[in-house]
Amino acid sequence: MKWSGLPAKIWMLLFVLMPFLWLVGLSLQQGSQISDDNRLGLRQFERALSPPFSGIISSSVAFSFAASLTVLLIAVPVTWYVARLPRQKRKIWLALLSIPLGLNFVVRIYAWFVLVRPEGMITQFLDIIGLGIPLASTQAGVFLSLIYGYLPFMFLPLYTVFERLDNTQLEAAIDLGASAWQRWWLIIMPEILPGIVASFVFVFVPMLGEYLIPKMIGGGLVATLGTQIESQFLGSIRPNWPFGAALSLCLLVCAVGVLAIAMRILARSSNGGKGESWSPFQVH
């Protein structure tokens, strides 16, 4: 039994800890190239936290937060509607909402790119109704594409928590004369809050480091933290791996900070409720 956890430990050592330590060591090199300057220091982090890159980091966090919040606001009512359907209709809707998860993410975004480019169907439709909003190579297009790309990832975690709701509590609240607003905030919200927080983080963290959508839909004109990291490692002119590693660690710190806040909210919610652990992928 003492050897049962060895494969997991080896995996974590080889593919998590060692790459992380290599990234930290790389970020401490002061030269712009690996062979330029082998001295260690915080020069790369000073540059990452100075303009214009500090603005890119803050705008990427705000941009991802706004997109994740929009995805959440769309997914909550849709998931609530599906969870309240009869079982047979619910299966059909779940199948339809799960179809995008079976498709390759790159393929879906490329298909979306065909629709939002200047001669695409969505752009032409906007022109017909008089909006005329350009979507290719703009922040609006990247924002809309992030919502499209990550919306399916919000449905299933939310659905599992909506399905767990105790209908007898809602029925009792109705019998006692509670309004719809009171039922939502006093009964439903405390039960679904862990699911909302976990689903939000589940979408926000990968969205923060997203570079495919800004690169493809934004055409490289919308600067995000993900595109800056990609350009530092794979730039065609002069790659700067140490600086790219420093930006990657800044991204990691932002993600860990969001996870820490989410875990604190979940812990407080659990202590205030039934005290049982919760997972967004539990199915009852």
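Helices here are DSSP runs of H or I with at least four residues, numbered from the N terminus. With that in hand, please keep in mind that this is a predicted model.

**A charged patch**

- Asp166, Glu171, Asp175 and Glu191 together make up a negative surface patch.
- Where does aspartate 166 lie? Aspartate 166 is in the loop that runs between helix H7 (139-163) and helix H8 (167-175).
- Aspartate 166 has a relative accessible area of 37%, so this residue counts as partly exposed.

**Aromatic pairs**

- A pair of aromatic rings is described by how far apart the centres are and by the angle of the planes.
- The count of aromatic pairs comes to 15.
- One of them joins phenylalanine 65 and phenylalanine 200 in an edge-to-face arrangement, at 5.4 Å centre to centre and with 70° between the planes.
- This pair links distant parts of the chain, as phenylalanine 65 sits in helix H3 (residues 53-83) and phenylalanine 200 in helix H9 (residues 180-208), 135 residues apart.

**An aromatic cluster**

- Phenylalanine 233 and tryptophan 241 form a tilted aromatic pair, 5.9 Å centre to centre with 50° between the planes.
- Tryptophan 241 has 33% relative accessibility and therefore counts as partly exposed.
- Trp22, Phe233 and Trp241 belong to one aromatic cluster.

Notes: Residues numbered from 1 in each chain as written. Predicted model: local features only at pLDDT ≥ 70, side-chain atom pairs only at ≥ 80, totals over all residues. Heavy atoms only, no water. Patch = residues over 30% accessible without salt bridge, like charges linked within 9 Å, V, L, I, M, F, W, Y side chains within 5 Å. Areas by Shrake-Rupley, 256 points an atom, 1.4 Å probe, with all protein chains shown as cover. Salt bridge = Lys/Arg side-chain N within 4 Å of Asp/Glu carboxyl O. Lys, Arg positive; Asp, Glu negative; His and termini not counted. Charge placed at Lys NZ, Arg CZ, Asp CG, Glu CD. Helix = DSSP H or I, 4+ residues; strand = E, 2+ residues; numbered from the N terminus. Buried < 20%, exposed > 50% of the residue type's maximum accessible area, 1.4 Å probe, protein only. Phe/Tyr/Trp six-rings, centres within 6.5 Å; stacked < 30°, edge-to-face > 60°.
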